[in-house]
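Colleague: I am new to this structure and would like to learn how to read it. Could you walk me through it, feature by feature?

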Amino acid sequence: MKTLLSTLCLFAVLLSACKKQDDESGTNGKEAFASAAAESDATAEEVFDDVFNNVMGVSPEVGIGGTGVFGRMDVSSGRLEGIDSTPCYTLTIKQLTTATRFPLQITIDFGNGCNARDGRTRKGKITVVYTGNLFISGNSATTVFDNYYLDNIRVEGTHKLANTGTSDKKSYTTQVINAKLSQSNGDNIQWNSKKTVTQAEGGATPLIGVDDTYNVTGQASGSVQLNGKYFQWSTSITTPLLKRFSCRWISKGTLSLNKGNDAVAVLDYGTGNCDNKGSFTVNGSIHEITLH
């Protein structure tokens, strides 16, 4: 009997601990969930949007060229100004077969710390395998990370980018698979995403990324370990996100933040201005967030 009571007491303690960590309810609970989910999802979106820009920006042989770290970004405005003539990274290009140029493996090595003109610090390596030029429908690029950091975030996982468009309109499918974004204090985000990135403007100048505008649609799911608490969420884009190579941030669009089957909050990236401001709305209240 004593053993049974001890077991029941232990079970009750464990159940209480789990509920305290994971089961947020009521007004304050919804706000805590929405804040953690909004900040974490926006962080993951920005990290892998940066990966997209770098994969496309390596050179015109594999993509557009001159986007991401391969362009010169003004720190104060976040806007692309031109080709960066003073890079702090090195490229290693490896032809994976002697018979054909592709598949082509390109490693971007940021060393022990590369302070780029966009105000971000990167270190470690990104390795991309291209099946062909990403302008051509059916070609794709797969990216993995080797001790890679964007500012203070360690990035792990796999990023896949495929051209699913037509000759007159660029469209890409992006997948983020088993991503983990870790902070030095042990907090981390785990994230999976599948999005469609469709060109809306700039089609008349296919080799110039600075005037390109894209609409992003799709879904994501994630979890975050944050200050001893654990939250899980999923998202669905309700108004297409606005992506521009000329701006380092997503600057427009909304998505629903869901807990299980319930829509708890709305994440709003703004009205189209190129700035690092966003907000989430929960329980009728609007809360501003800063994009990374």
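Modeller: Gladly! Keep in mind that this is a predicted model. Let's start with a group of charged residues: Asp50, Asp118, Arg120 and Arg122 are linked in a network of salt bridges.

Colleague: What is the general idea behind such a link?

Modeller: Side chains of opposite charge can pair when their charged atoms come close.

Colleague: How many salt bridges does a search of the whole structure find?

Modeller: The search finds eight. Another one joins Lys170 to Asp212, whose closest N and O atoms are 3.3 Å apart. Lys170 sits in the loop between strands E8 and E9, while Asp212 sits in the loop between E10 and E11, so this pair ties together parts 42 residues apart in sequence. Lys170 and Asp212 are both buried.

Colleague: Now for the rings, please. How do I read an aromatic pair?

Modeller: A pair of aromatic rings is described by the distance of the centres and the angle of the planes. There are ten aromatic pairs in the whole structure. In one of them, Phe145 and Tyr148 are stacked, with 5.8 Å between centres and 25 degrees between planes. Phe145 and Tyr148 are both buried.

Colleague: What kind of pair do Tyr214 and Phe245 make?

Modeller: Their ring centres lie 5.6 Å apart and their planes are at 80 degrees, so this pair is edge-to-face. Tyr214 belongs to strand E11 and Phe245 to the loop between E13 and E14, so the pair ties together parts 31 residues apart in sequence. Both Tyr214 and Phe245 are buried.

Colleague: Which residues form one aromatic cluster?

Modeller: The cluster is made of Phe48, Phe70, Tyr89, Phe110, Phe145, Tyr148 and Trp191. A ring can also face a charge: Lys123 lies over the face of Tyr149, 4.8 Å from the ring centre.

Colleague: You mentioned strand E11. How should I read strands?

Modeller: In a regular strand the side chains alternate between the two faces of the sheet. To see how strands are joined, look at their bridges. E10 (residues 188-201) and E11 (residues 213-226) run antiparallel and are joined by 13 bridges. E11 also pairs with E12 (residues 229-239) in the antiparallel sense, over eight bridges, and with E13 (residues 241-244), again antiparallel, through four bridges.

Colleague: Which residues stand opposite each other?

Modeller: Trp191 has Gly222 in E11 as its bridge partner, and Gly222 in turn has Trp233 in E12. Further along, Tyr214 stands opposite Lys243 in E13. E11 and E12 form a hairpin with two residues between them, and Asn227 in the turn has a positive phi of about 50 degrees.

Colleague: Which residues touch the most other members of the largest nonpolar core?

Modeller: Phe48, Tyr130 and Trp191 do, in a core of 65 residues. Helix H2 (residues 26-57) gives this core its largest share, 13 residues. Beyond its neighbours within four places in sequence, Trp191 has contacts that include Phe48, Val176, Gly222 and Trp233.

Key. Residues are numbered from 1 along each chain as its sequence is written. This is a predicted model: local features need pLDDT of at least 70, side-chain atom pairs count only at pLDDT 80 or more; totals for chains, interfaces and linings use all residues. Side-chain values use heavy atoms; hydrogens and water are left out. A nonpolar core is a set of buried Ala, Val, Leu, Ile, Met, Phe, Trp, Tyr and Cys residues joined through side-chain atoms within 4.5 Å. Buried means under 20% relative accessible area, exposed over 50%, partly exposed in between (1.4 Å probe, protein chains only). Contact means heavy atoms within 4.5 Å. Two strands pair if DSSP finds at least two bridges between them. A salt bridge is a side-chain nitrogen of Lys or Arg within 4 Å of a carboxyl oxygen of Asp or Glu. Rings of Phe, Tyr and Trp (its six-membered ring) pair if their centres lie within 6.5 Å; planes under 30 degrees apart count as stacked, over 60 as edge-to-face and the rest as tilted. A charge sits over a ring if NZ of Lys or CZ of Arg is within 6 Å of the ring centre and within 35 degrees of the ring normal.
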